[in-house]
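Q: Hi! Could you walk me through this one? I'd like to start with a single residue and then zoom out.

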Amino acid sequence: FPQFVATPLTQLIPHASPEAIQLMQDLLLYDPAKRPTATQALQYPFFQIGLNIPILPRLNPQRPNSIGNAPVANPTLLSDNKEKQQTKGESA
């Protein structure tokens, strides 16, 4: 493989904390024997500190379903429709 001069992660991700940079550098090591396992990575200081992550407002107030971001049907409307269908079936 050709050799390249590495671009420092601090330059690529200037707002990352020193703990995040250290974790990423170690997880990106080429030699798998030198890379931390998932269990070892979870012991890094990055995961041991309280991070203040801002909660962004949701653009879509509807609750996503398991398929993606499609809106979930209103269960009340569904039960009303089932009752109406049953009533139509009984009167027919």
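A: Happy to, and keep in mind that this is a predicted model. Let's start with D26: setting aside neighbours within four places in sequence, D26 is in contact with R35, P36 and Y44.

Q: Where does D26 sit?
A: D26 belongs to helix α2, which covers residues 18-27.

Q: Is D26 buried or exposed, and what is its nearest side chain of opposite charge?
A: D26 is buried, yet it has no salt bridge. The nearest side chain of opposite charge is that of R35, 10.0 Å away.

Q: Which residues of α2 are buried?
A: In α2 the buried ones are A20, I21, L23 and D26.

Q: And what covers them?
A: The cover over the buried residues of α2 includes α1 (9-12), α3 (38-41) and α4 (45-48).

Q: Switching topic: how many aromatic pairs does the structure hold?
A: There is one aromatic pair. F46 and F47 form it, edge-to-face, with 5.1 Å centre to centre and 85 degrees between the planes.

Q: OK, zooming out. How many helices and strands are there?
A: The protein chain has five helices and zero strands.

Q: How much of the chain is buried?
A: Buried residues make up 9% of the 92 residues.

Q: And what about the accessible surface?
A: The accessible surface of the protein chain is about 8600 Å², and 61% of that belongs to carbon and sulfur atoms.

How values were computed. Residues are numbered from 1 along each chain as its sequence is written. This is a predicted model: local features need pLDDT of at least 70, side-chain atom pairs count only at pLDDT 80 or more; totals for chains, interfaces and linings use all residues. Side-chain values use heavy atoms; hydrogens and water are left out. Helices (H or I, at least four residues) and strands (E, at least two) are DSSP runs, numbered from the N terminus. Buried means under 20% relative accessible area, exposed over 50%, partly exposed in between (1.4 Å probe, protein chains only). Lys and Arg count as positive and Asp and Glu as negative; His and the chain ends are not counted. A salt bridge is a side-chain nitrogen of Lys or Arg within 4 Å of a carboxyl oxygen of Asp or Glu. Contact means heavy atoms within 4.5 Å. Rings of Phe, Tyr and Trp (its six-membered ring) pair if their centres lie within 6.5 Å; planes under 30 degrees apart count as stacked, over 60 as edge-to-face and the rest as tilted. Accessible areas come from the Shrake-Rupley method with a 1.4 Å probe; for residues, only the protein chains shown count as cover.
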